[in-house]
Amino acid sequence: MKPNLTKQKLSQGRVVTGVFLRYPNPGLAELLSYQGWDFCIFDCEHSTMGPADVENLCRAVEPQGVTALARVPDSGEATLLKYLDTGLAGVQVPWVESADQARQVVQAVIYQPEGKRGLAGVQAADYGQRDSLPDYIKSANLETLVSVQIESPEAVRSIDSICAEPGVDVVFLGPTDLSNAMGLTNQLEHPDVVADVDPQMKISCREIFGPAVAATPLDDVNAALALANDSEYGLGAGIFTRDANAALKFARETECGSVMINRTPLWRAELMPYGGFKQSGIGREGPRYVVEEMTELKTIGFHGIE
């Protein structure tokens with residue numbers, strides 16, 4: 001199996017970018033492969049595409065070094081086998097809700113002795129024409145990427161154990177299904193999207209890239225400040241309050257690049273800085289930030305203050 005460049009970059013802590021494709025058009029996939037993406041995800045959960053379509057899409061993107069992935073319809077062993085045999089470098093599996101389910105997914109993706117995926121001389125194995133099957137098994141078990149989707153409150157509560165499961169390379173938040181499962185359909189900035197978070201959970205104290213919100217109910221602005229500042233990162237923070245004085249105190253004393261009042265940190269203004277304080281970088285949009293990139297710039301947004 002060819003080296004999985006996306007998986008290699010992730011293992012090095014590097015950022016990767018990709019695109020979803022919902023149409024079984026190899027020409028469109030080939031065009032996308034020239035746009036500099038690290039990976040392309042063929043969306044077989046929310047489209048009519050099947051394994052036969054995916055096999056041709058893999059052939060379309062591979063010449064440009066794009067990692068071919070598919071979001072499969074479900075986590076069943078037979079489903080995973082059919083899609084992986086097409087030549088995919090990995091799968092994204094929806095509705096994974098526990099560490100046990102994540103473990104079952106990993107075992108269905110990799111071959112013996114660690115897993116139980118069925119073996120045949122198919123496209124994924126170069127039809128047995130390049131490497132011996134034992135060599136192919138060894139490389140496939142190393143190179144195949146496993147991504148699982150978090151899309152329910154049950155999955156959120158199990159997210160730390162899911163992340164810790166060996167063989168899980170990526171944990172992907174599905175905000176639309178998650179908000180819908182919580183009765184907050186498409187309210188992606190609602191403060192209850194991820195509520196009652198333990199401050200020690202990674203989603204609260206580490207920096208994440210994705211539409212995730214960690215909401216912790218507190219009675220005192222000083223407690224909110226202590227929680228917001230108790231991290232080596234300072235990209236963005238938000239507070240929900242009707243007390244203007246508390247809001248101003250939080251805005252002044254929070255060690256973050258952006259502070260949202262009665263909005264989550266997902267809210268953005270045009271040309272707002274991407275960087276933050278501490279370990280959150282100094283990225284900026286627009287030429288004016290070239291001369292300011294060594295300063296600690298703070299954006300404060302007030303919403304709903306009476």
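**A parallel sheet and a nonpolar surface patch**

In β5, Leu145 is the bridge partner of Gly90. That pair is a handy way into this predicted model, since β4 (residues 90-93) and β5 (residues 145-150) run parallel and are joined by four bridges.

- Six strands make up an open sheet, with parallel pairing, and the order is simply β1-β2-β3-β4-β5-β6.
- The edges belong to β1 (18-21) and β6 (170-173); each has a single partner strand, so one side of each has no neighbour in the sheet.
- Going from one strand to the next, the twist averages 25 degrees.

**A helix across the strands**
- Helix α3 (residues 51-61) lies across β1, β2 (39-43) and β3 (67-71).
- Relative to β2, helix α3 runs at about 165 degrees.

**Strand β11: Phe302**
- Phe302 sits in strand β11, which covers residues 299-302.
- Its relative accessibility is 40%, so Phe302 counts as partly exposed, a class that lies between the 20% and 50% cut-offs.
- Together with Leu248 and Ile300, Phe302 forms a nonpolar patch on the surface, and the three share about 240 Å² of accessible area.

**Strand β11: Gly301**
- Gly301 is also found in β11, but this residue is buried, at 9% relative accessible area.
- Setting aside neighbours within four places in sequence, Gly301 is in contact with Val259, Met260 and Ile261.
- Arg263 is 38 residues from Gly301 in sequence, yet the C-alpha to C-alpha distance is 8.1 Å.

Technical notes
Residues are numbered from 1 along each chain as its sequence is written. This is a predicted model: local features need pLDDT of at least 70, side-chain atom pairs count only at pLDDT 80 or more; totals for chains, interfaces and linings use all residues. Side-chain values use heavy atoms; hydrogens and water are left out. Two strands pair if DSSP finds at least two bridges between them. Helices (H or I, at least four residues) and strands (E, at least two) are DSSP runs, numbered from the N terminus. Axes are lines fitted to C-alpha atoms, for helices over the stretch in contact, and angles run from 0 to 180 degrees between N-to-C directions. Contact means heavy atoms within 4.5 Å. Patches are made of residues with over 30% relative accessible area and no salt bridge: like charges are joined within 9 Å, nonpolar side chains (Val, Leu, Ile, Met, Phe, Trp, Tyr) within 5 Å. Accessible areas come from the Shrake-Rupley method with a 1.4 Å probe; for residues, only the protein chains shown count as cover. A salt bridge is a side-chain nitrogen of Lys or Arg within 4 Å of a carboxyl oxygen of Asp or Glu. Buried means under 20% relative accessible area, exposed over 50%, partly exposed in between (1.4 Å probe, protein chains only).
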